[in-house]
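Please keep the sequence and the 3D view at hand while reading.

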Amino acid sequence: MSKFNAGRFFLGLHAWGVFAFIYAPILILIVFSFNQERINAVWTGFTLDWYRRLLTDADLLDSVYNSLVVGLTSTAIATILGTMAALAMHRYVFRGKKLFDAILYLPIVIPEIVMAVSLLTFYVFIQLTLGLVSVIIAHITFNIAFVFVIVQARLAGMGSDLENAAADLGATSWQTFRFVTLPVIAPGVISGALLAFTISWDDFMIAFFTAGVGGTTLPMRVYSMIKFGVTPEINAISTITILFTMLLILLAVRLEGIFKTAKTIGT
Amino acid sequence: MKSLQKYITLGPPAIWLGIFFVAPLLIIFVYSFFERGIYGDIVYTFSLDNYLRAIDPLYAKTLWRSTWISVVSTLICLVLGYPLAWYIARQSAKMKKLLLVLLIVPFWTNFLVRTYAWIFILRTEGLLNNTLLSLGLISSPLEILFTQTAVIIGLVYTYLPFMVLPIYVSIEKLDRALFDACRDLGATSWQSFKSIMLPLTKPGIISGCILVFVPCLGAYITPDLLGGAKSLMVGNLIQVQFLAARDWPFGAALSFIVMAIVLLLLFAYARWGTNNFDKAAEAK
Amino acid sequence: MAINPHPSNIYKPLKPLLSVENIRKQYVQQIVLNDLDLTVNEGEFFFLLGPSGCGKTTLLRILSGLLEPDAGRIVLNGTDITHTPAHLRDVNTVFQNYALFPHMNVFDNVAFGLRMKKVSETKVRENVTEALRLVSLPDFSSRMPSQMSGGQMQRVALARAIVNEPSVLLLDEPLGALDVKLRKQMQSELRQLQRKLGTTFICVTHDQDEALTLGDRIAVMNKGRFEQISDAHTLYNQPVSHYVCDFLGECNFLEGSVQQATSTGCRVSVHDGFIEASAPGFKEADQVTVGIRPEKIALNATDETRQNQLQAVVSERIFTGNHYQIECITPAGSHLNVLFMNNGSLELPEQGASVQLSWKNEDTIILPMPDKGTVNAS
């Protein structure tokens, strides 16, 4: 019996050790973004200087602006297209359905670098000038897959009963979509959109290959800063990014929760 | 009427993915059989040279290294992840949920930033060395950054949740009564773990291993930022072909080799049940 | 035809409302519905009874318009509605898992059908309130489905359907998701509601008790066909096939052949001797199955009217609370179960005791051999 408890103790110790491993680097970054010392990783005092400096870095602000444009545009379009794909898969039978299903998952599973180089090759092939537009197109493409996965899971949870019930009660297929399907999957669509925005906001690989002049996104800017050398400004911008992303994710998780209660009734 | 609705719903996403996803993949597939011209242009003659070059020792070394690094990272993830999944599965429902969120949330924060955090910690004048030096535990800084070790740390750090989630799901699915029955029949903890839990959670383990191995194999940023010249992986090799050497056909061939390995593994994975995969895909 | 017609059938003039003609449905290789014909009368509580996979739900979905048949016609009130889509049919459904819209409160759920028909809001309010009162949920308007119990959701689903005043109300395993106690209660409420509204109900179930208790008429389905369509009494006492006899209640089966047949009955030879039945319609040398319901058999009765008698030995006694079940074996090796009430009227025989089993001629059920599936619509 005592051996059993010891096992349990070490299991707990291990688990919290792993969580420390996961969170320590992030917390260290955040803490040191307020550190006065520029070169060495030694705590010398609290300062907000690095954050102040970010605000005067025109290149950085440009890249934030670009990231926002790319994120918002690609999210809007990918959410619509991804939701349509999920609805089509949910509702209809058509030739090549299995193939289409596989293609919808593929952008998630193939290595990012492969997708990046294939898009670059394609853009050059069709002679599209690389810039912000090329990044947006690329982001829409992989985000369709992410939105699809989330919305499809919601539709699967909803089943076909509710839609049948609506039709039975006299709703046309448009009314069914408008008054039943859309409201029920809405939390899924919104969390899909949040997800898409987060992924777009964080993406470096695809943008790195497909952005041209004037298309520098925030991660690309951060990447070149890191390549140039470790500075407290990177800590500061990292901290802001981390907090921003966490906010988005918590929001998505929240919506997910609301949805799950709705789902249990629906099925 | 119904078929019109069908085409309006299906058409736009299908056309979009056809143009911007399938077509690009087809193009690099075709390119992988062409050759590079003197000026980095593309000579349109069919040849298998690019695939043969990939197994030339010069490049095979990188492919081999990528595989090796990925295998080691996967195993470390398994060793760290299995007990963690086990621990989470044994908590109360509320605690489970909290721990799973805790596990996934950092995963969503910027990949670059998380990798940068390790540069900050591991570099010669970084936090780890500073701390160890000032504590007198070492006399000269450890050279970890820009080595394979750093790459492996970075990969494990990044992909650990992919290991934990499927294993957690497979443990969660187990009936607690099985464990009790096993103990009741006189097995020790270790025996019941070995004879019952390990075989029954095997699908989860295999899923986890594939889900970690696949992205490790295609990694680019981690080896680029944390690794040195001697720890380049195939992702870096592809990048060099496209952006520096301008040998697109060879880069395309390398891409296809990586993709073929990945898809083969995923196909094998699909036979182990798709449930776990959906979860991990959502997490990603 | 019916010996003991149900009271509700006596007083209502039968007026055909819905007819199903030669309906056929096929999936790939498998025939799900095989040329079905059926007429349901106005105001009837009609049941489609059968095990899962017999095609009953498929037929219900065809009636609701959610599924199209491969062949055949459906006529409602003299109008062919075979190809009318679900949302234009004067038919509503109570779905198996209720299918309440989770994002709407009870009022909006019930109002949904009326609003789709663009009924004025005042009229909507009036009718919804009335419907909720009918299902005894007058104060639940603003509740969300997530805040309700299974029984309450069931009532909302009912209200949502009846508020549209459909010609036919379809119910798909309406009580399937409820626990036993609640199911009994809902059964009687459902019956009262149907009487009050006078609407034709067509209900799908696999639960024979439910069908026997509530149904004015019941269609027993097997492998995409109707085995027998009749009222509960006829089905139970005069089943036309082994399948129907076995599906409804319990029965002892003995195989034999007709030795003598007259216009009023027949005499069947079995391993244990001869059994007499007042069933007409068989001829000499027919291979048949004899069925005797366990509760029709008496133990050691002296009653002269029980013409059929068999000697047997008690092999097992099982107490089930309100009943005793006695398992007996005849000298020829036939197993027969006897059921009697736990009301002290009979002395319980010991295990191994010799007993005399007896029953009346009219309680003998004679069935054609199972492979001859007959369809009998009455």
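Which residue of chain A forms a salt bridge with B:D224? The partner is A:K227, and the closest N and O atoms of the pair are 3.4 Å apart. This is a predicted model, and the distances and areas given here are to be read as properties of that prediction.

The number of salt bridges between chain B and chain A is one, and it is the pair of B:D224 and A:K227 already described.

Chain B itself may be considered next. Its secondary structure consists of 14 helices and two strands. Along the principal axes, the C-alpha atoms of chain B fill a box of roughly 75 × 70 × 35 Å. Of the 284 residues in chain B, 55% are buried. Among contacts in chain B with a separation of 6 or more, 67% are between residues 24 or more positions apart.

One residue of chain B deserves a separate look. B:R65 lies in helix α3, which spans residues 57-89 of chain B. B:R65 is buried, yet has no salt bridge. The nearest side chain of opposite charge belongs to B:D224, which is 12 Å away. A salt bridge requires the nitrogen and oxygen atoms to be within 4 Å. The side chain of B:R65 instead reaches the backbone oxygen of B:L232 at 2.7 Å. Apart from neighbours within four places in sequence, B:R65 is in contact with B:Q148, B:K230, B:S231 and B:L232.

Chain C also meets chain A. Here 25 residues of chain C are in contact with 19 residues of chain A. The area buried between them is about 2,000 Å², with 67% given by carbon and sulfur atoms. C:H87, C:P102 and C:M116 supply 29% of the area that chain C buries against chain A, more than any other three residues. There are zero salt bridges between chain C and chain A, while four residue pairs are in polar contact, both residues having pLDDT of 80 or more. In chain C, α2 (56-64), β6 (91-94), α3 (106-116) and α5 (150-162) each supply at least two residues to the side that touches chain A. That side comprises 13 nonpolar, nine polar and three charged residues.

A:E37 sits in the loop between α1 (2-32) and α2 (49-56). Because its relative accessibility is 25%, A:E37 counts as partly exposed. A:E37 and A:T231 are 194 residues apart in sequence, yet their C-alpha atoms are 9.9 Å apart in space. Leaving aside neighbours within four places in sequence, A:E37 is in contact with A:V42, A:T44, A:W50 and A:P232.

Notes:
Residues are numbered from 1 along each chain as its sequence is written. Chains are lettered from A and ligands numbered from 1 in the order in which they are written. Side-chain values use heavy atoms; hydrogens and water are left out. Helices (H or I, at least four residues) and strands (E, at least two) are DSSP runs, numbered from the N terminus. Buried means under 20% relative accessible area, exposed over 50%, partly exposed in between (1.4 Å probe, protein chains only). Lys and Arg count as positive and Asp and Glu as negative; His and the chain ends are not counted. A polar contact is a pair of N or O atoms within 3.5 Å; within protein, one must be able to donate a hydrogen and the other to accept it, and residues adjacent in sequence count only if both atoms are side-chain atoms. Contact means heavy atoms within 4.5 Å. Buried area is the accessible area (1.4 Å probe) that two parts lose on being put together, summed over both. Ala, Val, Leu, Ile, Met, Phe, Trp, Tyr, Cys and Pro count as nonpolar, Asp, Glu, Lys and Arg as charged, and the others, Gly among them, as polar.
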